[in-house]
Amino acid sequence: MTLALPTLDAPLRIGTRGSPLALAQAYETRDRLATAFDLPQEVFQIVVIKTTGDAVQDRPLKEIGGKGLFTREIEDDLLQGRIDIAVHSMKDMPVAQPAGLILDTYLPREDVRDAFVSPTKRAIDELDSGATVGTSSLRRKAQLLNRRPDLNVVEFRGNVQTRLRKLDDGIADCTFLAMAGLNRLKRDDVPATPIPEDAMLPAVAQGAIGIERRTFDTRTAEMLAAIHDTPTGQRLAAERAFLAALDGSCETPIAGLAELDGDTLRLRGEVLRPDGSERLHDTQTCAIVDGAETGRKMAEALLAEAGAGFFDWR
């Protein structure tokens with residue numbers, strides 16, 4: 001059967017948030033699909049959808065609902081047929097999708113590292129005692145305080161441009177961004193220094209773009225299969241299984257990273273108290289096919305190590 005490709009009269013509608021980074025990810029998805037099927041860009045329509053997470057900028061995410069804040073409205077439009085696919089930053093995605101939707105397409109992963117951003121410093125260890133650090137990430141806050149309990153960490157929400165402006169205004173001495181975002185935005189002008197994964201383990205799925213569709217939309221599934229990156233999917237299967245078994249909300253500082261070497265997968269994971277006072281971590285290797293099961297077992301082992309009181313602050 002011939003695949004019915006999008007046309008100018010019946011374009012494929014790509015749903016996305018409206019930030020510059022979200023749009024860059026939607027354009028990358030569009031361009032990859034256009035190249036794969038030798039189609040003009042004009043047969044793909046970018047549909048910008050405002051989410052609750054974008055609208056509320058003055059409070060921490062955990063106070064207004066967690067990760068679903070950046071996806072709920074987009075997924076509603078997908079379910080209602082107002083868009084055909086949704087493009088997401090995978091580190092923002094809950095571990096479970098609403099009934100009727102599936103997330104099984106990933107673009108090649110970008111740089112997974114965090115970036116230390118400061119106009120005058122180049123590393124965390126260069127910060128003076130009592131320096132103010134701006135971040136909205138519970139993970140980064142906990143990792144920082146575990147390493148440097150003398151730092152003052154303040155809430156620092158917004159897209160890349162907003163956070164850089166706050167830094168220029170002197171609200172904080174430094175902040176942190178994802179290298180992937182800076183690379184996709186081509187922001188070589190940002191005073192950013194990559195942080196090795198051993199020094200700051202990244203968020204689960206950091207640097208990965210995921211594409212969500214309706215479960216029974218076979219035409220779209222066939223199109224997306226042409227741009228799916230299998231190694232990224234294998235890595236995220238392990239990382240997201242680890243996250244799901246621990247706590248997939250925004251209320252727990254969790255980090256995880258899977259890497260491939262031939263047929264072997266290496267998974268590193270950690271969970272921390274929000275004040276950085278305790279950090280539990282583990283590393284496991286396995287066959288790639290066993291990645292998800294290894295992620296679940298690692299989470300179970302860390303939960304057992306944490307004991308009954310570790311999550312009392314939630």
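This is a short tour of one protein chain, stop by stop, in a predicted model.

**Stop 1: the whole chain**

The secondary structure comes to ten helices and 13 strands. The radius of gyration is 20 Å, close to the 20 Å that the globule rule gives for 314 residues, so the chain is as compact as a globular protein of that length. Turn the model around. Along its principal axes, the C-alpha trace spans about 65 × 45 × 35 Å.

The accessible surface comes to about 13,800 Å². Carbon and sulfur atoms account for 47% of that surface. Under it, buried residues make up 52% of the 314 residues.

How do contacts link the sequence? Take the contacts between residues at least 6 apart in sequence: 69% of them join residues at least 24 apart.

**Stop 2: helix H4**

Select residues 72–79, which form helix H4. Which residues of H4 are buried? They are Ile74, Glu75, Asp77 and Leu78. These four cover an arc of only 160° around the axis, which puts them on the same side of H4.

Next, colour what they pack against.

Step past the end of the helix. Gly81 follows H4, and its phi is positive, near 80°.

**Stop 3: Thr71**

Thr71 lies in the loop between helix H3 (61–64) and H4. Is Thr71 buried or exposed? Its relative accessibility is 2%, so Thr71 counts as buried, the cut-off being under 20%.

Show the residues around Thr71. Leaving out residues up to four places away in sequence, Thr71 touches Thr51, His88, Asp92, Met93 and Pro94.

**Stop 4: Thr220**

Select another threonine, Thr220. Thr220 sits in helix H8 (residues 218–225). With 2% relative accessibility, Thr220 counts as buried.

**Stop 5**

Select Cys174. Cys174 is buried, and its relative accessible area is 0%. Then select Cys286. Cys286 also counts as buried, at 13% relative accessibility.

A disulfide is a covalent bond between the sulfur atoms of two cysteines. How many disulfides does the model have? The count is zero, with a cut-off of 2.5 Å between the sulfur atoms.

**Stop 5: Glu293**

Move to helix H10 (residues 291–306), where Glu293 is found. Glu293 is partly exposed, with a relative accessible area of 35%. Show the side chains of Glu293 and Arg296: a polar contact of 3.0 Å joins them.

Glu293 and Ala241 are 52 residues apart along the chain. Their C-alpha atoms are separated by 7.4 Å.

**Stop 6: Asp275**

Finish in the loop between strand E12 (264–272) and strand E13 (279–287), which holds Asp275. Asp275 is partly exposed, with a relative accessible area of 49%. The side chain of Asp275 makes a polar contact of 2.6 Å with the side chain of Ser277.

How far is the C-alpha atom of Asp217 from that of Asp275? The separation is 45 Å, and the two residues are 58 residues apart along the chain.

Note on methods: Residues are numbered from 1 along each chain as its sequence is written. This is a predicted model: local features need pLDDT of at least 70, side-chain atom pairs count only at pLDDT 80 or more; totals for chains, interfaces and linings use all residues. Side-chain values use heavy atoms; hydrogens and water are left out. Helices (H or I, at least four residues) and strands (E, at least two) are DSSP runs, numbered from the N terminus. Buried means under 20% relative accessible area, exposed over 50%, partly exposed in between (1.4 Å probe, protein chains only). A polar contact is a pair of N or O atoms within 3.5 Å; within protein, one must be able to donate a hydrogen and the other to accept it, and residues adjacent in sequence count only if both atoms are side-chain atoms. The arc is that of the directions from the helix axis to the C-beta atoms. The radius of gyration is taken over C-alpha atoms; the globule rule is 2.2 Å times the number of residues to the power 0.38. Contact means heavy atoms within 4.5 Å. Accessible areas come from the Shrake-Rupley method with a 1.4 Å probe; for residues, only the protein chains shown count as cover.
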